[in-house]
Amino acid sequence: IDGETAYTTDSFVVQPEFFPGGNIGDLAVYGTCNDLAVSGAKPLYLSLSLVIPEGYQIDTLGVIISSIGKASKDIGVQVVCGDTKVVERESLKGIIINTSGIGRVVKKLNDYKKIKIGDAVIFTSDIARHGMAILLARGDLKFNGNIQSDSCHLYNIFDKIGYKGIEFARDATRGGVAAVLNEVAAKCHLGFLLKEKNIVIKKDVKYLCEMLGFDPFSVANEGVAVMIVSKEHAEGILHLLKQCDEGENASIVGEVVEKKGVALNTLYGGTRNVDIPAGILLPRIC
């Protein structure tokens, strides 16, 4: 591969394996390629390993493999190697997928030193959809709903923008945007001030979070990147984002400030801290 290489690996154990908006197959491809994309790399190659309980339905496996193929084709990434293991049925509740990804670095987007006071913060989509979609799909609450996961590939939006003006990026999966922003704030020794009125949360997602006492900032996403961009490029980047299907709900949600931590200007005129999540709200969401 010409140029600097990025490499990542991840394992996927989501339950249920099929959920509104996707399944464990395309989620595995998107998740690994998204890790490359937010690091500033173009995804090129994937490895694919499956751990399957004996007796697993071959038709179900076929659907998952087809989803992997479609997702890989959508991104333009090649599955170049893999492995399959079958274990005793009592050992697993479902399939486990491991993927490793290799990409070519276009621009490094994981250098905390590039973040500076006054930079704008962009969420590339509405938040908290994936976690709430998985919760409903499990059926434990006996609620009816049609919340679609935001699972998608993010490289398209970086390619559309062309990387100019993007200083840092991270995908907001487990722990949601709260975990990402708090971790970044601690690493760069600065803080973030967010405006609640600018943050997009779909009505059904917001209602379910409020009813269950979940903070949507701490709920997992699978199609949201947190971008920190230079102030002078923020509006231009937002304009380009909104031209992509994956970025139609993007918004400039705040800015980098000197005061450490993450604070939120609420809809009611007050300010509250957005703390790092204590533990995992929902296990096995990816």
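**Exercise 1.** What is the distance, N to O, at which the side chains of Glu 4 and Lys 108 meet in a salt bridge?

*Solution.* The model is a predicted one, in which local features need pLDDT of at least 70 and side-chain atom pairs count only at pLDDT 80 or more, while totals for chains, interfaces and linings use all residues. Residues are numbered from 1 along each chain as its sequence is written, and side-chain values use heavy atoms, with hydrogens and water left out.

Step 1. Recall the criterion: a salt bridge is a side-chain nitrogen of Lys or Arg within 4 Å of a carboxyl oxygen of Asp or Glu. Glu 4 and Lys 108 meet it at 3.5 Å, N to O.

Step 2. Locate the partners, with helices (H or I, at least four residues) and strands (E, at least two) taken as DSSP runs numbered from the N terminus.

Step 3. Consider accessibility: buried means under 20% relative accessible area, exposed over 50%, and partly exposed in between (1.4 Å probe, protein chains only). Glu 4, at 45%, is partly exposed, and Lys 108, at 43%, is partly exposed.

**Exercise 2.** Find how many salt bridges the structure holds, and describe two further examples.

*Solution.* Step 1. The number of salt bridges is seven.

Step 1. One of the examples joins the side chains of Lys 70 and Asp 74 at 3.1 Å, N to O. The two residues are four apart in helix H2, and are therefore separated by about one helical turn. Lys 70 is exposed at 55%, whereas Asp 74 is partly exposed at 39%.

Step 2. Another example joins Arg 272 and Asp 215, whose closest N and O atoms are 3.8 Å apart. Here distant parts of the chain are linked: Arg 272 is in strand S13, and Asp 215, 57 residues away, is in the loop between helix H6 (203-212) and S10. Arg 272 is partly exposed at 33%, and so is Asp 215 at 25%.

**Exercise 3.** Describe how helix H1 (residues 24-38) meets helix H2 (residues 58-75).

*Solution.* Step 1. Axes are lines fitted to C-alpha atoms, for helices over the stretch in contact, and angles run from 0 to 180 degrees between N-to-C directions. The axes of H1 and H2 come within 7 Å and cross at roughly 30°.

Step 1. The crossing of H1 past H2 is right-handed; a crossing has this hand if the near helix is turned clockwise from the far one by less than a right angle, and is left-handed if anticlockwise.

Step 2. Contact means heavy atoms within 4.5 Å. On the H1 side the residues include Val 29, Tyr 30 and Cys 33, and on the H2 side they include Ile 68, Ala 71 and Asp 74.

**Exercise 4.** In what order do the seven strands of the open sheet stand?

*Solution.* Step 1. The order is S8-S10-S7-S11-S9-S12-S13, with mixed pairing; two strands pair if DSSP finds at least two bridges between them.

Step 1. S8 (166-171) and S13 (271-273) are the edge strands, each with a single partner strand, so one side of each has no neighbour in the sheet. From one strand to the next the twist averages 25°.

Step 2. Strand S12 (residues 261-265) pairs with S13 in the antiparallel sense over three bridges. Leu 264 stands opposite Arg 272 in S13.

Step 3. Strand S11 (residues 251-257) has six of its seven residues buried. S11 runs antiparallel to S7, joined by four bridges, and antiparallel to strand S9 (residues 191-195), also joined by four bridges. Glu 255 in S11 is the bridge partner of Ala 120 and of Leu 193.

**Exercise 5.** Is His 153 buried or exposed?

*Solution.* Step 1. His 153 is placed in the loop between helix H3 (129-138) and helix H4 (155-161).

Step 1. His 153 has a relative accessible area of 13% and is therefore buried.

Step 2. Leaving aside residues up to four places away in sequence, His 153 touches Tyr 30, Asn 34, Asp 74, Ile 75 and Glu 246.
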